[in-house]
Amino acid sequence: MLFNRFLALLSTRNKEFLRDHSSLSWNILMPVLIIAGLAFAFSGDIGEKFKVAIINQDTATIQTKSFLTLKYIDFYQIDHDEKIIQHAIQKIQRHQIDLLLDAEKQQYWVNPESPGGYLVEKILLGSESTHSQQQNFKKQTVEGKQIRYLDWVIPGILSMNMMFSALFGVGFVIVRYRKNGMLKRLKATPITAFEYLSAQVVSRMILIMIVTAFVFYAANFFLDFVMNGSHLNLFLVFALGAFSMISLGLVVAARITSEETAGGLLNLISWPMMFFSGVWFSLEGTVPMMQTISEIFPLTHVTAAARAIMIDGAGLLDIAYHLLVLSLQSIAFLLFGSWYFKWE
Amino acid sequence: MTTALLQIKNLVKQYPSVKAVDGIDINLCSGVCFGLLGPNGAGKTTTVEILEGITDTTSGDILYKGKPVGDQFRKEAGIMFQSTALQDFITVRETLQMFANFYPRHSNLDQLIQRCNLTEYLDQDNRQLSGGQRQRLLLAIALVNDPDILFLDEPTTGLDPQARRNFWDLIDDIKAEGKTIILTTHYMEEAYALCDEIAIMDHGKIIAHGTPKALLEANFNDVILQLPEDELMDMDLSPFSIHKIRGQVEITTSDVNKVITTLIKNNISLAKLLIRSRTLDDLFIELTGKNLRS
């Protein structure tokens, strides 16, 4: 690859994007508007039910059974598995569950900083006092700052915006250039397909990272969302995610000559990813098959890794699985896209 | 003696339903302006795109400077397609700089800009160029690598007569530098004015090849006399080979004196008489039976 040829293509593509104000504005405005909309929607008291997770519900004691009959509390049973219990405790730390109760051992976990936890605890202890002959509940306190839905959804929105920019910004543009003959003109020069595609990938990556960083810091300034992990790790995850999704865009654009077909195919890929990659809602409660299918989407892994860094403060080792999958997908998409690519 | 810059041997392009190019042989010498003419569907675009390296050949050989076409050819060939989109939001100057960076050897950009008369539009977005300005930019792009061989695919299609004449002057300048040019065009006067050699294609084959003058001399030894049809109403035209077209009668003859004498004897006014030599248009229709634009 000749570097000056690559740089010439890269520089021209960057100028083209930066001067296309409508496209640039849309790339920046869309995530800002979604985040602002969500911040507004969840700014008030939305009056949710209290949430209580129960272990060993089948062997519950009498006073616990009495508690479990109460209305306006959302009880749900979890398996007596150490990993699941730890996960539920983590949710109490984040105020996503108000209380965790072991119905057999008369033990509960609560976050004293959570208003919901405080109230549910009072209700639990009130129900206990009606059965005074029974032994007291054992209290375990858990500490942690509240994780709002906004905090939870922001990594997904940033990833999703990146996905749209990667797929449409590369895939659609290449198809447009193929259709209007620009690629044919480039084919007649010493430029190789690899040089051309590399320039497209790098150009879009630079722009995606700048736009994502801008949206991240601007949104954080106004909304003060949770960021418990390393900014550098998050940058690496987003860079790898962008690379993977741009490579997927190259696969789509490898041969298609019609913008309509490309648009349809890109929508066919992006919309299921947007809904079934855990951007808007957790996949935990969904059917196992959906969880399995979601594993094939790069967006699932970018969102999960970014969320783990931002909310849990995860390190690179903690998200190694997601990084590995994204790396393998990137290589596979890029190799296939380059091999399958046709100028015309 | 001139050297064969481009040798095309038994070139064939077979598509599933049609043989677009059917065994073409051409030897093209350095410094020649070669015109490839043919009606739509004759196979000339396919031929040119094969030569440009855009389309693969089914069989046959193309040698550039004695070697199969490859990297060297791509570096030394300049190509102007009939319709090429340019990148939006990019200026004329940036477009030229980008293409210049693709090549190890390139022309002096300032001179190229001046030659193609682009100075005034350098900082203009590609989208804002007129047809003539756009064609001049496409020609400048084709010349950006100081090519040894230049492909011009219908370069003046859609231009007004003045812009076309200006474009011809540019091509004359390029010819004067000794560059080899392969030109496809629908305009016979353009081919006649610019080309040293022409080849006429039909059904994927070359049906005539030579200098325009030699081809006309080989195929015609007559001229055409044209008079308004109403001037000849009372005259017996049966001794002549005639063709009526849009109110005019064309008499084809190799003996002009005889026809004029007959006209005078029949008291026909010669005030509106036109005499013209055979043109490439006539040659094309003669050889293919088709109008060039059909």
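How many bridges join strand β1 of chain A to strand β3 of chain A? Four bridges join β1 (residues 50–55) to β3 (residues 99–102), and the two strands run parallel. The structure is a predicted model, in which local features need pLDDT of at least 70 and side-chain atom pairs count only at pLDDT 80 or more, whereas totals for chains, interfaces and linings use all residues. Residues are numbered from 1 along each chain as its sequence is written, while chains are lettered from A and ligands numbered from 1 in the order in which they are written.

Strands β1 and β3 of chain A belong to an open sheet of five strands with mixed pairing, in the order β2-β1-β3-β4-β5; here strands (E, at least two residues) and helices (H or I, at least four residues) are DSSP runs numbered from the N terminus, and two strands pair if DSSP finds at least two bridges between them. The edges of this sheet are formed by β2 (73–78) and β5 (138–141) of chain A, each of which pairs on one side only. Within the sheet, A53(A) has L100(A) in β3(A) as its bridge partner. Strand β1(A) is also joined to β2(A), in parallel, by six bridges, and V52(A) has F75(A) in β2(A) as its bridge partner.

Chain B is divided into domain 1 (4–217) and domain 2 (221–277), with bounds that come from an automatic or database domain assignment. The centres of these two domains of chain B, taken over C-alpha atoms, are separated by 41 Å.

Between the chains, 21 residues of chain B are in contact with 18 residues of chain A, contact meaning that the C-beta atoms of two residues, placed from the backbone, lie within 7 Å. On the side of chain B that touches chain A, α2 (71–76) and α3 (92–101) of chain B each supply at least two residues, and the largest share, four residues, comes from α3(B).
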